[in-house]
Amino acid sequence: MNRRNTWDLRILTISFVVLLAWPGLASAQSLPRLKPLPPRKVATAPAAAAALAPSSPWRLLTNQPPVLNYAACGPGNPLLLTDGTVMVADDGCQDWWKLTPDEFGSYVNGTWTELASTPAGYSPLYHGSAVLPDGRVIIEGGEYNFGNAVWTSMGAIYDPLANTWTSVAPPPFFGGFGPFPQTIGDAQSVVLVDGTYMQANCCTTQAALLDASTLTWTSTGSGKFDINDEEGWTLLPNGKVVTVDAYVPIGLTYMPNGTNSEIYDPATGSWSSVGSTIVQLWDSAKGCGGQRHASFELGPGVLRPDGTVFYTGANSCGAGHTAIYDSNVGVWTAGPDFPDSLDIGDGPAALEPNGKVLMMASPKIFNSPSTFLEWDGENLTEISPAPNASIDTSFFGNFLVLPTGQILFTDFFFVSVYNPAGTYNPNWAPRIQSAPATVNPGGSYVISGYLFNGMSQGAAYGDDHQAATNYPLVRITNQRTGHVFYSRTHDHSSMAVASGDLVSTHFDVPATQERGASELVVVANGIPSAPVAVMVK
């Protein structure tokens with residue numbers, strides 16, 4: 001286990017010096033731009049941040065994760081396991097932690113358990129990630145490995161039942177650049193409708209599909225206009241994937257006014273243009289220094305229940321733009337600009353159960369403080385700040401939609417939750433068609449119904465650190481004690497979002513499940529189904 005990394009911000013400078021000294025990499029068109037390392041902090045986490053007002057919608061977790069290298073790393077990359085627990089990385093280090101809600105289902109009052117560390121030699125920062133339909137977790141690549149900028153092609157799969165990681169060999173056909181002949185780096189990923197994990201190569205136009213049973217890869221994604229670097233992928237109701245091009249000038253010339261977007265069709269395995277975003281979303285710095293000052297960053301895109309994708313932009317020169325893609329008709333329209341000089345140059349967004357999009361913005365590129373906003377389909381509104389907002393910049397943050405409807409937030413410093421106002425439209429809730437009337441502790445069952453994957457992937461983040469939750473959880477509450485138990489779901493029949501198709505999943509009732517009359521619900525993206533009665537014998 002990596003109990004102590006000693007790297008600090010000097011590594012970033014060393015990495016640039018080494019890279020720029022490499023033949024052919026001195027040109028600004030040859031080198032992907034690095035996102036900074038996490039902030040250096042004191043050796044251990046403070047007991048608490050500044051006191052929050054009683055009216056604040058934010059709450060710090062009562063227990064913070066006891067990560068092993070808080071100074072150099074810190075809590076990040078949250079992932080929702082299918083048994084209702086949450087995995088959190090000591091982001092940039094090798095240790096991982098599990099948050100288990102208390103007996104009444106509270107994550108705020110939950111407890112932490114240390115999990116297995118990533119395989120030897122693999123300590124990634126800014127990587128791809130997903131929860132697979134079989135319940136395992138995959139992480140791929142990393143802009144850094146042990147704090148060194150190497151755009152690593154390493155990867156690993158975590159088995160929560162065995163509490164073990166298994167290394168995953170990279171796609172053998174993936175290329176790279178300069179001293180790095182094979183890369184994955186800080187690349188985007190997505191789980192397609194049929195459950196196949198799709199992984200991009202940050203630094204080329206390549207992508208690959210994973211066979212999760214054999215851990216082998218197949219090439220996909222022909223016809224990509226530009227390299228994948230800095231771009232994100234959003235799963236649409238029709239099963240296709242939309243992205244906004246970031247125009248990183250590797251393999252093409254600097255194009256400061258580009259507004260192209262693309263769509264991936266799993267049926268053909270190819271990309272094609274889906275038109276102009278109307279306003280520019282990626283940061284070209286065209287009005288304040290041009291190519292040598294451009295970050296090429298852009299923000300996340302989140303699918304809303306009405307079928308529109310709210311896409312956020314970055315801008316070194318001032319306020320970031322936003323755009324709205326209507327997946328029902330395949331048309332882009334301009335959204336509102338961020339206020340003042342705010343934008344999202346990498347950063348999180350998430351769909352709240354009420355249909356609003358929560359997002360974290362900050363001034364220009366990689367500056368603090370951070371500002372939190374909501375988009376309701378018509379208005380972009382500033383909301384109360386998170387506990388560490390005065391220090392944070394947008395790329396520090398990660399969101400995860402919890403089964404309680406809260407949004408879990410990490411920022412390298414603390415873990416907190418946001419409590420959205422309002423409630424969900426009943427038409428967005430999962431609907432159970434078939435469920436067992438009786439279950440036994442330790443038993444395995446099948447449940448089926450509609451909207452089991454929710455209306456969206458849930459959370460998004462620029463290019464890396466994906467934390468989608470478009471899969472069903474099963475929650476059983478004992479009617480006498482009120483105690484909450486999650487059954488582990490696995491092998492979902494589909495991962496389609498906002499789909500009217502029947503979906504089934506398997507669920508394993510925990511051995512600790514209390515006996516007696518209970519209620520069962522299926523939860524997707526924080527929205528529960530109507531309860532059905534179940535007897536635990």
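**Close-up views of a predicted model**

**View 1. The loop that holds Tyr126.** Tyr126 lies in the loop that joins strand E6 (124-125) to strand E7 (128-131); helices (H or I, at least four residues) and strands (E, at least two) are DSSP runs numbered from the N terminus. The model is predicted, with local features requiring pLDDT of at least 70 and side-chain atom pairs counted only at pLDDT 80 or more, while totals for chains, interfaces and linings use all residues. Residues are numbered from 1 along each chain as its sequence is written, and side-chain values use heavy atoms, without hydrogens and water. Although Tyr126 is not a glycine, its phi is positive, near 65°. The relative accessible area of Tyr126 is 0%, and the residue is therefore buried (buried means under 20% relative accessible area, exposed over 50%, partly exposed in between; 1.4 Å probe, protein chains only).

View 2. With a relative accessible area of 23%, Leu215 is partly exposed.

**View 3. The cis peptide bond at Pro369.** Between Ser368 and Pro369 the peptide bond is cis, with omega near 0°. Pro369 belongs to the loop between strand E27 (357-363) and strand E28 (371-375).

**View 4. The nonpolar cores.** The largest nonpolar core has 118 residues, of which Met87, Trp151, Phe372 and Phe399 touch the most other members. Strand E3 (residues 86-90) contributes the most to this core, with 4 residues. A nonpolar core is here a set of buried Ala, Val, Leu, Ile, Met, Phe, Trp, Tyr and Cys residues joined through side-chain atoms within 4.5 Å.

**View 5. The setting of the close-ups in the whole protein.** The secondary structure consists of 1 helix and 42 strands. The radius of gyration is 22 Å, close to the 24 Å that the globule rule gives for 537 residues, so the protein is as compact as a globular protein of that length (taken over C-alpha atoms; the rule is 2.2 Å times the number of residues to the power 0.38). Buried residues account for 63% of the 537 residues. Among contacts (heavy atoms within 4.5 Å) with a separation of 6 or more, 59% are between residues 24 or more positions apart.
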